[in-house]
Amino acid sequence: MAHIQRLSPTLSNQIAAGEVIERPASVVKELVENAIDAQASQIDIVVKDAGISYIKVTDNGQGIASEEVEMAFQPHATSKISTNQDLFNVKTLGFRGEALASIAAVAKVSLTTSTDGRRGVLLQVAGGQQLHKQTVAAAQGTSVEVADLFYNTPARLKYIKTVNTELNRIIDIVNRLALAQPQIAFTLVNEQRNLIRTSGNGNLQQTLAGIYSRKAAEQMVALATQTADFKISGLTSLPQQTRASRNYISLLINGRYIVNYRLTQALLAGYGSKLMVGRYPIAVLQIQMDPLLVDVNVHPTKREVRLSKEEQVAALIQQTIADKLGQLNLIQPALNNLPTHTVASQPESLPFLVGAEEGTQIAEPQPFTATKVLIAPEAVNLRPIFKDPQHLQEWDLHVKKFCQHLGDTNPISSSEKPLTAQVSTAPFPELRFLAQIHGSFLLAESDNGFYLVDQHAAQERVNYEKFRQEVGQVSHDQQQLLVPLVLDYPNSDAIVINERLNILQAVGLGISSFGQNSFVVQSHPSWIPTGQEEATIREIIDYVLKDGKISIAKFREQTAITMSCRLSIKANHHLDRTQAQAILDQLAQAKNPYNCPHGRPTLVHFSDQDIKKMFKRIQDPHQSRRVK
Ligand code: ADP
Ligand code: MG
């Protein structure tokens with residue numbers, strides 16, 4: 001074995017850099033966070049080659065004193081904390097003093113900074129070595145240029161994905177940082193193309209409109225709550241506005257964008273069965289708490305944090321969302337769901353690829369807004385994959401119109417026309433049965449227009465709520481089985497069932513172990529329908545087997561869903577007037593009449609207004625505004 005020797009500072013910095021700087025997006029994140037910490041109100045980001053060949057971040061913040069510039073590049077050199085106490089009370093995004101040193105270890109860096117907007121200093125560092133320093137005239141703030149990332153660590157370059165993937169990662173992180181700081185104006189330009197532009201006027205909804213789309217921003221509900229320990233505010237989407245991934249959920253703790261599984265779960269749990277299975281909301285939640293309750297020093301890139309009161313925050317998030325959504329009328333307007341035939345009639349929403357992993361199919365192009373996000377005609381290269389060639393044509397036309405549209409309007413000011421909220425708190429309507437269609441749908445009217453009700457979904461909802469309550473009851477009406485049921489399972493399953501017997505007992509099954517691989521059920525709750533005892537009991541046990549870690553609450557939920565599905569009428573089932581009206585009346589009594597337990601809508605609404613629009617009796621206000 002070779003002798004033990006100390007690594008050279010250059011080499012050890014290169015090794016350390018690997019933890020902080022994984023890819024171009026990490027450089028962008030670190031530089032932008034420094035700009036935010038320097039109290040900038042404007043941050044401009046320019047990248048070339050998705051940041052692989054060039055990244056420049058310019059801010060108008062405090063700047064760095066010329067005698068301290070070299071220090072900024074030293075490892076573990078920071079102006080943000082100095083004592084052990086500070087480490088547990090971090091109020092800035094940075095504090096580890098590693099970013100500039102790490103970036104300069106693996107790239108060519110040129111930093112210009114001024115604290116007074118007249119004289120400044122230019123410092124060039126490459127591969128950890130200072131190359132040049134001179135006094136220059138400079139604007140207030142700091143500008144950092146990073147060229148040839150990983151030029152001296154080629155192995156790192158191998159981990160870089162395609163230009164599109166890296167660019168998407170940069171867009172994604174800038175989106176999050178912009179959502180976290182609506183009071184800062186951001187621009188992001190790649191190869192002369194403007195990709196992101198926010199106004200920095202402090203309005204979160206407008207910032208969100210700029211990032212996701214106007215339509216998205218209009219279908220958000222505002223949240224605000226406060227306890228002695230936490231303050232939560234932000235926007236979360238109506239349950240009918242969802243995406244195929246969790247990527248559109250941004251959690252911010254004390255202004256820092258973080259990833260936290262538990263809190264994301266809590267947010268989703270707040271929606272309960274209002275979300276379609278496999279769909280996720282768009283949300284930006286700002287959580288403020290005493291920095292002492294947050295340990296940000298558990299992950300080199302600070303993406304993950306440790307919270308001392310995580311369960312309390314989670315419970316508060318879940319409750320706040322559940323309460324808020326509980327107050328809303330969530331009947332979906334039928335017109336919103338109709339396919340749009342002329343894509344070009346909506347110049348503001350432009351799909352763009354974001355958050356796509358290498359090799360994965362892009363399920364859903366992310367809409368960008370023309371009003372704040374500018375994409376030049378070359379953006380056509382990034383057009384999404386459409387199966388239908390006509391869609392492709394429409395898309396191209398759309399992009400063209402969109403670019404023309406940009407030419408003659410001021411993007412910032414036009415986006416600031418007020419966003420119309422599409423949130424209603426009207427009570428659930430009284431539904432009068434009219435007819436049954438194809439044995440599957442009920443047509444009903446109210447004082448405003450008519451409704452199509454999915455009879456199966458409606459019954460599932462009603463049954464679900466009934467069972468949810470019964471399954472949840474602590475004391476169950478027990479039914480003794482005349483002949484006890486003996487169930488055999490393979491060894492591996494038997495172990496799981498044995499461990500989870502308490503959960504099965506909690507929903508009212510009188511089950512106990514009966515020899516090595518067998519179980520005996522002597523009683524069951526009376527809500528299990530007669531004649532279906534064994535099948536239902538087996539199904540209930542299957543849940544425990546499928547998910548060994550299932551909680552009692554979740555388990556009860558699952559059981560109620562199974563029961564509701566089992567007992568609900570299927571499609572193609574004729575109902576007489578009385579039966580049909582009974583379903584409508586029961587639905588109106590449900591706690592959440594809007595979705596079946598799987599999240600599918602139970603009914604859609606054709607308002608008088610919509611009907612008149614369909615027959616061209618009135619102008620669509622959206623269209624007419626655009627014509628002007
Ligand atoms: P950290 O952010 O953890 O302190 P960095 O390596 O990112 O470490 O930056 C080192 C120091 O350089 C910072 O503490 C700060 O004082 C200074 N600095 C870096 N970027 C900027 C900037 N854009 N504006 C003002 N000061 C900056
Ligand atoms: Mg930093």
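Let's start with charge pairs: a search of the whole structure finds 18 salt bridges. A salt bridge here is a side-chain nitrogen of Lys or Arg within 4 Å of a carboxyl oxygen of Asp or Glu.

Some ground rules. This is a predicted model, where local features need pLDDT of at least 70, side-chain atom pairs count only at pLDDT 80 or more, and totals for chains, interfaces and linings use all residues. Residues are numbered from 1 along each chain as its sequence is written, chains are lettered from A and ligands numbered from 1 in the order written, and side-chain values use heavy atoms, with hydrogens and water left out.

Back to the bridges. Side chains of opposite charge can pair when their charged atoms come close. Take Glu98 and Arg96. They form a salt bridge, with the closest N and O atoms 2.9 Å apart. Glu98 is buried, at 15% relative accessible area. For burial, I use under 20% relative accessible area for buried, over 50% for exposed, and partly exposed in between, with a 1.4 Å probe and protein chains only.

Next, Lys108 and Asp148. Their side chains meet in a salt bridge at 3.0 Å, N to O. Lys108 is in strand β3 (residues 108-114) and Asp148 is in the loop between β6 (141-147) and α6 (154-157), so the pair ties together parts 40 residues apart in sequence. Helices (H or I, at least four residues) and strands (E, at least two) are DSSP runs, numbered from the N terminus. Both partners are partly exposed: Lys108 has a relative accessible area of 35%, and Asp148 has 31%.

Glu445 is partly exposed at 31% relative accessibility. Arg432 is partly exposed too, at 32%.

There is also a network. Salt bridges link Lys29, Glu30, Glu33 and Lys302.

Now the ligand. How many residues surround ligand 1? The count is 19, and the closest are Asn34, Thr78, Ser79, Lys80 and Gly97. A residue is near a molecule if one of its heavy atoms lies within 4 Å of it. By class, the shell has 8 nonpolar, 7 polar and 4 charged residues. In that scheme Ala, Val, Leu, Ile, Met, Phe, Trp, Tyr, Cys and Pro count as nonpolar, Asp, Glu, Lys and Arg as charged, and the others, Gly among them, as polar.

Which atoms touch? For polar contacts to the ligand, the cut-off is a pair of N or O atoms within 3.5 Å. A polar side-chain atom of Asp59 lies 2.9 Å from a nitrogen atom of ligand 1. A polar backbone atom of Arg96 is 3.1 Å from an oxygen atom of ligand 1. In the side chain of Thr142, an N or O atom is 3.3 Å from a ligand 1 nitrogen. The protein covers 92% of the 520 Å² of accessible area that ligand 1 has on its own. Those areas come from the Shrake-Rupley method with a 1.4 Å probe. The elements giving two or more residues to the shell are α2 (24-37) and α5 (99-106).

Ala50 is not a glycine, yet its phi is positive, near 55°. Ala50 sits in the loop between β1 (42-48) and β2 (54-59). Buried or exposed? Ala50 is buried, at 0% relative accessible area. Asn254 also has a positive phi, about 50°. Asn254 is in the loop between β12 (249-253) and β13 (256-258), and is partly exposed at 26% relative accessibility.

Key. A polar contact is a pair of N or O atoms within 3.5 Å; within protein, one must be able to donate a hydrogen and the other to accept it, and residues adjacent in sequence count only if both atoms are side-chain atoms.
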